[in-house]
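Hi,

Here is the structure I promised to hand over. Have a look at it first, and then read on for what turned up in it.

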Amino acid sequence: MNVKTGQSKAFEENFKKAERIITSMKGYVSHDLKKCIEEVDKYILLVNWKTIEDHEIGFRQSEKYQEWKALLHHFYEPFPTVEHYK
């Protein structure tokens, strides 16, 4: 995830709030947010879900996702690609 230049501190503060949202969701297992060492304002987020439906339907179609979106989406430039792995 590429965060707008100079916005890392604010992004990290908002992510702490957003963590409470995602950890409360059905099917959530764990997550890990890592800050890139080589590139400023770049992160990777890995979220483990029990099922893809828990992410795509349970989380992304929920009211809580709107809160997540309001906290974080304005920081991204460009918007990150979401991919699923097993």
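**What I found**

Proline 78 sits in the segment after helix 3; helices (H or I, at least four residues) and strands (E, at least two) are DSSP runs, numbered from the N terminus. A cis peptide bond, with omega about 0 degrees, links this proline 78 to glutamate 77.

Before the rest, some housekeeping. This is a predicted model, in which local features need pLDDT of at least 70 and side-chain atom pairs count only at pLDDT 80 or more, while totals for chains, interfaces and linings use all residues. Residues are numbered from 1 along each chain as its sequence is written, and side-chain values use heavy atoms, with hydrogens and water left out.

The segment after helix 3 also holds histidine 73. Histidine 73 is buried, at a relative accessible area of 18% (buried is under 20%, exposed over 50%, partly exposed in between, with a 1.4 Å probe and protein chains only). Leaving aside residues up to four places away in sequence, histidine 73 touches Tyr65, Trp68 and Phe79 (contact means heavy atoms within 4.5 Å).

Now to helix 3 itself, residues 63–72, where Tyr65, Trp68, Leu71 and Leu72 are buried. They lie on the same side of helix 3, because they cover an arc of only 120 degrees around the axis (taken from the directions from the helix axis to the C-beta atoms). Glu63 and Ala70, on the other side of helix 3, are exposed. The cover over the buried residues of helix 3 includes helix 1 (8–23), strand 2 (43–49) and helix 2 (52–59).

How do helix 1 and helix 3 meet? Their axes come within 9 Å and cross at roughly 170 degrees (axes are lines fitted to C-alpha atoms, for helices over the stretch in contact, and angles run from 0 to 180 degrees between N-to-C directions). The two helices, helix 1 and helix 3, are therefore roughly antiparallel (over 145 degrees; under 35 is roughly parallel, 65 to 115 roughly perpendicular, the rest oblique). Among the residues making the contact are Phe11, Phe15 and Ile22 of helix 1 and Trp68 and Leu71 of helix 3.

Helix 2 has Asp54, His55 and Phe59 buried. Those residues pack against helix 1, strand 2 and helix 3.

Aspartate 41 is buried, with a relative accessible area of 8%.

Best wishes
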